[in-house]
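Okay, everyone, let's get going. I'd like to walk you through one model today, starting with the ligand and then moving on to a domain interface.

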Amino acid sequence: MKQLIKYAFLLISITTQAYAQDNLITNIASRKSVSLNGSWQYIADPYETGFYDYRYTELKESNPDAYWNTDVPSNKTEKKEHGYTDKYSLQVPGDWNHQKPEFLYYEGTLWYKKSFDVKKINTASRYFIYFGAVNYRADVYLNGKKLGMHIGGFTPFNFEIPAALLKENGNFLVVRVDNKRGADEVPTLNTDWWNYGGITRDVKLVEEPQTFIQDYFLQLKKPLVGKAPAARPEAEGWVKLNNWKHGEAVVISIPELKFKKRVVSANDSTALSFSLPKLQLWSPENPKLYRVVIATATDTVVDKIGFRTIQAAGKQVLLNGKPIFMRGICIHGEIPDEVRRAVGPQDARILLNRARELGCNMVRLAHYPHDEAMTRMTDSLGLLVWSEIPVYWTINFSNEAVLQKAKAQLKEMITRDHNKASVIIWSVGNETPISDTRTRFMHSLITTAKRLDSTRMISAALEVNYAALKSMNVIDDPLGQYVDVVSFNEYLGWYGGLPDQCRKANWSTPYNKPLFISETGADAKGGFHADSLTRFSEEYQEWYYKEQLDMLKRMPDNFVGISPWVLNDFRSPKRNNPLYQEGWNRKGLYDDKGNKKKAFYLLQSYYKEIKARDNRNK
Ligand code: GCU
């Protein structure tokens, strides 16, 4: 029996390790690459004909009927029942749902194919195919050979191309994308957002030297609790070299500070620890970024990094040693008026400019890692970020493979953004139902997050114990013992009675930690006006915000901020009121055409008062 159990665990560990990537290349914008964005040909394949034979057995790699193999008959007698042609093409990056009316609700497999040439293959280089994200599962093939498989719809991944496989002409790149929801996936079957499928972010052919800078982490050392960083702050971190060789040296330079430091690497992870000259700390008021150059004998990477410290200290959140109040808003990665996934800097600017107009100094990027253009822009605009993996609602917490899938997405999220000063909170989930199994699962994620990045705060939207005490709602979720910020979603007045419920509501937590409202909101159909008791009217939503904002005056002294739900109306298959919703969640402060609703102005003036209060207290 013991042998059996041993082999079962061995099998689980082998299969679950399949999800973790250990060669993710960071700061892809700084690498030598060729974009593979643009028009890709496709085959929609709901019956998985390109992947399984008629007995539903996975096709062998060399099988000519497999959709990863050439669609060109070798002679006129050869039978081909698949093919790629411009008549069936999609733009990459981009979800398929908004590109073809027949794909609006499509959940299944779709094959993408791109032929490309390489001007000059450098035999001394290594080549990778990089994806910003593919929702949900991607199987990637080049010239008939499988490069790898990735699970997770919102994080980057890359596969190395075996040297002999890449050709100068006519490379045949095929990606099988499957966005079917699954009970043992992350997220699981049930989400309150649209299941946009496809190659939703950038695709690049990346060229690296034999030994290259794969990843690095550079942050200010966390100061003593409550202390501001020193005038000449201590920096620490590491540089990870891929295919490290003895004697490699890493040079870190920050030209504007006339700083240069050479560190000889003792192994593939070179530890960094040094004092920096006097510098401008990054903050929302002064989002100062420095050009940082990381170089070895064969590779150079240039990044823009802000230096700041962030920590939860007792009842407060301290940025650069000073308490802050987070004037947030939740944002989905979607452009509502075009009904599509957001991608790229222009979309990021649309979404973040709206948050700035609201008077925010923080955004909660719900409920999954957004495109890297968002966190690049929050760095330069000065917006604090809550970044989250989609461990959402009823995940299968008892399944080890599901935990590994969640950990893989957590690792990819942190690896991609751990040098972005604006990111201050890693969230491991949202509204997960309390059980011992769930708390063990979530605690394991928190432990992993802290191991990967000890410099940022960890949180999650916890469960609320309503009216635990008379008119006192208590956030005593057991997960609260492991997070740095106790956060919770509440909808008093939308999901619980009418907004006047707020008048007698109070909130507390037994944890001596900062308390944050990570969601609150009510639906309103933009342009629908009635009295304030009429559900879905702008006036109801306005009343809701008025009562909520009045309630905030009674929050306890560890209240550190709020990120109402939600900046924009967004698509959801769960919202089917034929008059007011029609497949849209209407809790946006902007409607799906970009018009502000009346409640927008209430929150905007509240944030203006808070900002003035905090400036007075500086
Ligand atoms: C939940 C959930 C959101 C959802 C919102 C709502 O709290 O976190 O994803 O959209 O409430 O019901 O509108």
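This is a predicted model: local features need pLDDT of at least 70, side-chain atom pairs count only at pLDDT 80 or more; totals for chains, interfaces and linings use all residues.

Quick definition before we start: a polar contact here is a pair of N or O atoms within 3.5 Å; within protein, one must be able to donate a hydrogen and the other to accept it, and residues adjacent in sequence count only if both atoms are side-chain atoms. With that in hand, look at Lys 587: one of its polar side-chain atoms sits 2.8 Å from a ligand oxygen. Tyr 495 has a polar side-chain atom 2.5 Å from an oxygen of the ligand, and for Arg 575 that distance is 3.0 Å. On its own the ligand has 320 Å² of accessible area, and the protein covers 97% of that (Shrake-Rupley method, 1.4 Å probe; for residues, only the protein chains shown count as cover).

Numbering runs from 1 along each chain as its sequence is written, and side-chain values use heavy atoms, with hydrogens and water left out.

So, who surrounds the ligand? There are 14 residues, taking a heavy atom within 4 Å as near, and the closest are Asp 192, His 367, Glu 431, Tyr 495 and Glu 519. That shell splits into five nonpolar, four polar and five charged; Ala, Val, Leu, Ile, Met, Phe, Trp, Tyr, Cys and Pro count as nonpolar, Asp, Glu, Lys and Arg as charged, and the others, Gly among them, as polar.

Now the domains. An automatic or database assignment gives domain 1 (17-208), domain 2 (223-308) and domain 3 (319-616). The C-alpha centres of domains 1 and 2 are 36 Å apart. Seven residues from each of these two make the contact, meaning heavy atoms within 4.5 Å.

And what holds a salt bridge there? Arg 31 pairs with Asp 299, closest N and O atoms 3.8 Å apart; the rule is a Lys or Arg side-chain nitrogen within 4 Å of an Asp or Glu carboxyl oxygen.
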